[in-house]
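Let's go through this one together, one feature at a time. Ask whatever you like as we go.

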Amino acid sequence: MVASSGKHRWGGAVKQITKSNFSAALQQIKVHIQDADFIAVSSQKTGDLAASSSHRYPWRRILPIDIAETAYLKAKLAAETFELLQFAVCPFRFQGSKVVAFPYNFHLFPRDELNLGMPSYSFSCQTSFLASMAREGFDFNVSIYDGISYLSRAQESIAKERTTPRVYSSSSSPSPSVADSIFIGRIKSRVENWRNACKDPCNMADGSLAKSLRKLILGGEVYGSRPSLSIDVCSDRQVQLALEMVTHISDDLVPLVVPDKSGGAKSVRVVLTSSEEDKNLLMSEIQNLEEEQNLKVRGFREVIDLISSSKKPIIAYNCLHADGNSNNNHGHNVLKLTRVFAKLGILLKIVPDCQTSLGQHTVPIEEYANIFYPISNSLQESEADDVDFHMDNVRKISTDDLVFIWGFREGTSAAELKNHLRQTHSVFSEDIELQLVDKTCAVVVFQKSGSAEALLKEIGSGMTNSTAPSKIISEGLKAAGYEAYKKVCRLGMWEAELADSLDCALSEPSGDLTISSGEDASEIYWSSESMIDLNDL
Amino acid sequence: MRSRWLISAFSRTLTLACSHPVHCRRFSSSATAAAATTAVAVKKVTKSNFEPALEDLRLRVREADFVAIDLEMTGITSAPWRDAFEFDRSDVRYLKVKDSAEKFAVVQFGVCPFRWDGAKGSFIAHPHNFYVFPRKELPVDGPSYEFLCQTTSIDFLAKYQFDFNACIHEGISYLSRAQEAEALQTLSSAYKDEFNNSLYNLEEHVEIPLLRTADLIFTERMKNRFHQWCDELIKSPAKNYRLEENSDSNKMQFQTVFFKMRPAVLLDGFSSHQLKLIRLVLRKHFKDLVYVRSVDENAMWKKIVVYTDSEEDKASLRKEVQEDLLRNTEARVRSAVGFRHVIDLLTSEEKLIVGHNCFLDIAHIYCKFFGPLPSSMVEFALAVHKNFPRIIDTRHLVNSSHVIQYLMKRSSKSLSSIFSLLCPRISSPSLHVASNSYVKVEVQADETGSSCFNSGAKHEAGYDAFMTGCVFAQACSHLGMKFELHSPSIDFSKNDKIQNYMNLLYPSWNSGTVIDLSTGIENPDSSYKRRYPQIVFSNIVLVWGFPSNIKPKDLKECVCKVFGPDSITLIFFVDSTAALIQFSKEDLVNEFLILKDNLESNDDPISVLHPLAKLLEGGNTHAANYETYRDICGSSISKVLFVDQAEAVGIRWKTKVENGSGETQKFASSSEITPGDNSPAVKQVIGKKNDPKRQSHHQVSCEDILDSLHASKLLFEKQVRSTR
């Protein structure tokens with residue numbers, strides 16, 4: 001499909017992928033990703049507290065006061081809380097003067113395919129997200145009924161331990177105890193009897209009745225077309241012994257460990273192969289089975305792994321927290337994105353004919369790669385059409401010059417609070433800026449460096465000779481430096497209101513958090529333009 | 001041998017098989033699958049037909065003898081360790097139900113009024129299936145705009161063809177009573193403020209901050225345009241005038257409309273920044289023009305500039321606008337109340353409510369439609385009783401009636417299997433059941449078009465409510481109630497036999513108790529067969545964070561080596577990271593805790609070789625008494641693993657010992673200190689993280705802890721000596 005073709009033709013061009021056509025589509029997308037010059041991605045999730053559109057916990061959104069670390073922690077919380085329902089991937093290739101896109105739309109649902117409580121036991125939904133997705137015509141039934149499940153890399157290794165029968169490599173073990181020798185003796189004779197019976201050519205000629213009788217007596221089973229025998233084990237030690245014993249008996253026996261739900265071994269299954277080739281065949285069969293199982297386990301993550309291992313440039317629109325309000329029909333978003341990118345590419349003078357991989361060779365693009373904007377929210381609410389980032393109103397501010405103030409009456413406006421503070425302490429009469437982070441907490445920016453620290457020290461030491469700080473304290477106002485805020489994010493004290501979280505952080509015993517530490521001060525971009533007009537909302 | 005089966009009782013299968021009461025009661029055996037195929041007309045109600053359906057339902061409920069209800073939720077337990085366990089203490093059990101009701105959403109609400117028709121000798125049922133979705137319909141913060149989904153529950157709903165699109169696209173929203181009151185107050189005061197502000201600003205000297213050239217040009221252009229518009233108005237006031245636009249900016253068109261009988265301009269297509277500039281321009285240069293915000297028929301905000309003749313006219317316009325806004329607010333709040341109108345109907349009619357295993361359902365109703373759940377079970381029971389004076393739980397009714405138990409024999413306790421067993425005529429009308437003892441139930445689909453009627457299916461709230469009602473009617477008949485004698489209306493509370501079951505609910509499916517909603521008193525349920533011996537909560541120790549390879553039998557072995565083979569009466573794994581150990585004697589609880597702490601604070605060979613050391617490996621093993629378990633269950637956080645949960649609620653100590661005087665000592669060994677953390681050698685302990693006020697009570701100085709540590713050591717040595 002050519003991206004420059006009409007808008008109306010996009011709908012059909014976006015390939016919808018669900019559980020049923022996933023494996024087939026995987027082969028195709030693999031090729032497209034390999035051939036791509038860059039890949040655009042976009043997602044639909046059930047909510048995002050870090051997004052500007054989220055009004056529930058204003059302070060948990062990513063704000064101008066956030067440094068990279070706190071912004072990441074906020075995004076992390078959101079990613080852990082909510083689920084992806086759709087993930088669009090669009091590999092993109094330059095072909096002559098055309099740009100060719102291959103949009104895929106993956107429908108996802110964290111179904112517990114393996115009955116292990118993974119990928120997620122539960123997830124949160126923000127009704128505003130679901131409602132706006134509904135307005136765009138999102139089909140929830142498709143995602144929930146037929147969505148592809150997935151496991152993260154970490155979950156996969158846990159799941160693997162618990163589900164697939166594995167070929168164990170036997171290692172040397174300490175000298176066997178009496179119980180061990182009894183166990184070995186018992187199963188050894190059993191396995192040998194069974195093997196001999198299976199190998200005995202005259203048995204092969206027997207009728208089905210004799211076969212089933214033998215099966216009953218010897219406890220043999222069939223693994224695929226091959227005879228097999230299960231040995232019950234009750235410890236890892238016994239697994240080890242059984243494995244060693246089996247490999248000692250004969251080369252044509254292949255031991256497999258059958259795990260139980262919790263990942264421990266339930267039994268060892270011995271499979272008898274007829275020849276060396278047959279054994280190799282069995283091993284490759286098991287390998288294939290394992291891969292098939294792996295795909296089922298990994299599910300959609302296979303696509304992510306493909307993208308990640310392709311090392312192609314990835315383009316996403318503010319992917320740290322895609323805005324919940326801007327979700328147009330999904331695959332289309334990716335296409336729009338690629339169009340924008342293609343345009344940008346032209347603007348940046350990338351010659352589309354050059355077939356070389358983009359990322360490595362084009363300097364103009366490199367300069368924009370791997371730079372995310374973790375910050376796009378204004379401290380105050382603003383209408384969607386106003387969110388453009390005016391650099392001219394933004395200046396750098398050290399986190400050392402920030403002080404969080406809380407303990408005031410809910411519903412106090414920034415102006416009221418500022419006036420009030422001026423009456424409590426002289427330091428507030430300096431040139432300061434004050435904005436509310438949420439209903440319960442405000443942040444003050446001091447122009448004069450050192451003022452913040454001095455104030456916090458004064459409050460921290462609870463000095464009584466000066467009446468000023470005691471007036472702050474006596475009014476129930478509390479203050480803390482940026483360290484406290486960082487601690488709140490670091491320790492995951494995600495209370496509904498920032499004041500509660502800061503209270504928690506201060507009650508933790510480590511160190512004096514009221515003072516911001518000068519060493520690891522960072523800079524934030526502060527916008528002094530107050531674009532608040534709550535009436536406009 | 002007893003302890004062996006106790007231990008083996010722990011397994012994931014226990015939680016998997018029994019953790020979802022709603023699911024359990026609904027899984028039917030294959031023999032009853034026929035129930036699902038019966039065509040019963042269930043009315044599907046969504047946003048689009050809610051108003052007429054509600055009016056219709058009012059009538060049906062008024063006439064009804066009882067109303068059966070059923071709810072479908074997005075989940076049951078927010079973490080595996082929050083499953084209901086048989087030995088949960090009453091307060092813990094309530095905390096678990098509370099957590100569930102607060103976190104999950106109701107997505108379907110079945111209401112089925114039943115009326116006895118004497119002439120027909122039959123009940124007339126009207127099953128309704130309401131799709132519910134907590135939409136944010138008002139610009140006010142509400143607590144219910146985020147909810148949890150349990151993946152398995154959602155999958156379960158999908159398995160029974162739940163229509164998520166209907167729910168999310170078309171679901172009826174609601175406000176609880178508390179939310180409604182708050183919304184009304186917030187919205188009307190917001191409008192009042194705005195009104196006052198705009199008056200105040202009028203007098204203010206306005207200076208337009210012109211930071212950008214674009215702003216400057218825009219303001220100037222607007223000024224000219226409004227001047228032009230005013231001039232034209234004065235020239236030809238009667239003409240329906242349309243402002244001529246310069247060709248270059250045709251996207252911003254001024255169109256004269258009439259607002260409250262005054263000429264006006266609708267501001268359309270401006271950004272909020274531009275609107276702000278326009279307001280400033282108007283305030284500064286135009287005394288006759290008023291900037292007004294109003295809500296149109298489609299509930300959309302529109303911004304209008306209105307021309308007024310005089311100051312009086314201006315004032316009266318403002319008043320009109322404000323009244324409009326207030327009226328509009330009230331209408332919007334009323335409409336946002338949405339599905340709660342159905343609940344209000346049920347409470348105001350004071351009909352008998354019938355549900356199946358409905359304690360959690362009732363908790364959801366309370367939490368979603370009344371207000372925040374009370375903190376204790378007793379308060380909850382009494383508050384529910386005030387709103388619903390008569391509730392019958394058919395599960396309790398069926399379980400405790402000998403007659404019905406006899407009929408049920410050993411069949412499954414799921415609603416659909418009880419239904420097909422007790423009401424074969426309704427569940428499978430094709431089978432000719434020759435008996436007159438069956439109560440007749442007729443389903444009436446009214447005339448309002450058949451499009452909203454679906455044939456009911458199992459696990460659909462409307463149909464489940466219908467089944468519940470049928471089971472109830474049949475059970476009453478088995479208990480000897482003669483409906484014919486009661487015509488025209490039946491008063492169930494007058495019937496002695498039914499009265500025995502009134503307001504008695506199972507707090508959870510495995511509690512082994514019934515709660516009387518009218519008194520808040522919980523009593524053992526005689527029909528319940530306990531799996532565990534009597535639980536003594538004061539003998540219980542909660543252990544968590546131990547090495548993951550420790551299985552129940554290892555734990556038992558470990559503890560019994562120290563305290564003797566008969567020291568443990570029960571071990572229960574809450575999940576793979578936490579266990580409850582019940583000792584045979586209360587003293588052993590503290591002995592265990594003190595010993596644990598002692599072993600951890602000493603690094604001598606004896607501590608390392610101690611049998612209990614196996615349990616403490618990894619240095620993350622925590623222990624406390626049952627109260628800590630309760631506190632952790634009471635937290636609003638839900639981590640999947642208990643060990644993560646304990647950390648998330650802010651537990652930084654490792655052992656908590658409660659001595660006889662009720663004082664609590666909490667210990668943390670020095671190894672816990674994180675590098676770079678300049679904290680004292682022994683960390684002080686804090687209470688639950690989400691309750692900062694509590695913490696001040698727990699503030700203990702380092703010296704205090706060191707002292708108590710020393711004291712406990714002495715105490716322990718004394719105890720050890722005395723036991724020798």
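Q: Where is the place of Ser451(A)?
A: Helices and strands are DSSP runs (H or I, at least four residues, for helices; E, at least two, for strands), numbered from the N terminus. Ser451(A) sits in helix H17 of chain A, residues 451–460. Keep in mind that this is a predicted model, where local features need pLDDT of at least 70, side-chain atom pairs count only at pLDDT 80 or more, and totals for chains, interfaces and linings use all residues. Residues are numbered from 1 along each chain as its sequence is written, chains are lettered from A and ligands numbered from 1 in the order in which they are written, and side-chain values use heavy atoms, leaving out hydrogens and water.

Q: Is Ser451(A) buried or exposed?
A: Buried means under 20% relative accessible area, exposed over 50%, and partly exposed in between, using a 1.4 Å probe and protein chains only. Ser451(A) has a relative accessible area of 5%, so it is buried.

Q: Which residues is Ser451(A) in contact with?
A: Contact means heavy atoms within 4.5 Å. Setting aside neighbours within four places in sequence, Ser451(A) is in contact with Val427(A), Glu430(A) and Phe446(A).

Q: What about a residue in a loop, say Asp48(A)?
A: Asp48(A) lies in the loop between strand E2 (38–45) and helix H3 (68–81) of chain A. Its relative accessible area is 3%, so Asp48(A) is buried. Asp48(A) and Gln126(A) are 78 residues apart in sequence, and their C-alpha atoms are 7.6 Å apart in space.

Q: How many helices and strands does each chain have?
A: Chain A has 20 helices and 17 strands, while chain B has 29 helices and 23 strands. Of the 537 residues of chain A, 49% count as buried; for the 724 residues of chain B, the figure is 56%.

Q: How do I read the way H7(A) and H10(A) pack?
A: Picture an axis for each helix: a line fitted to C-alpha atoms over the stretch in contact, with angles from 0 to 180 degrees between N-to-C directions. H7 (residues 178–199) and H10 (residues 236–249) of chain A have axes 10 Å apart and pack at an angle of about 40°. Angles under 35 degrees are roughly parallel, over 145 roughly antiparallel, 65 to 115 roughly perpendicular, and the rest oblique. That makes H7(A) oblique to H10(A).

Q: Which classes do the residues of that contact of H7(A) with H10(A) divide into?
A: Ala, Val, Leu, Ile, Met, Phe, Trp, Tyr, Cys and Pro count as nonpolar, Asp, Glu, Lys and Arg as charged, and the others, Gly among them, as polar. Residues of H7(A) including Phe183(A) and Ile187(A) meet residues of H10(A) including Leu241(A) and Met245(A). By class, the contact of H7(A) with H10(A) has eight nonpolar, one polar and five charged residues.

Q: Which residues have the most contacts inside the largest nonpolar core?
A: In soluble globular proteins, nonpolar side chains tend to be buried together. A nonpolar core is a set of buried Ala, Val, Leu, Ile, Met, Phe, Trp, Tyr and Cys residues joined through side-chain atoms within 4.5 Å. The largest has 49 residues, and those with the most contacts inside it include Phe109(B), Phe339(B) and Ile365(B). Helix H14 (359–370) of chain B is among the elements that supply at least two residues of this core, and H14(B) gives the most, with nine. A second, separate core of 42 residues includes Ile392(B), Phe419(B), Met467(B) and Cys470(B).
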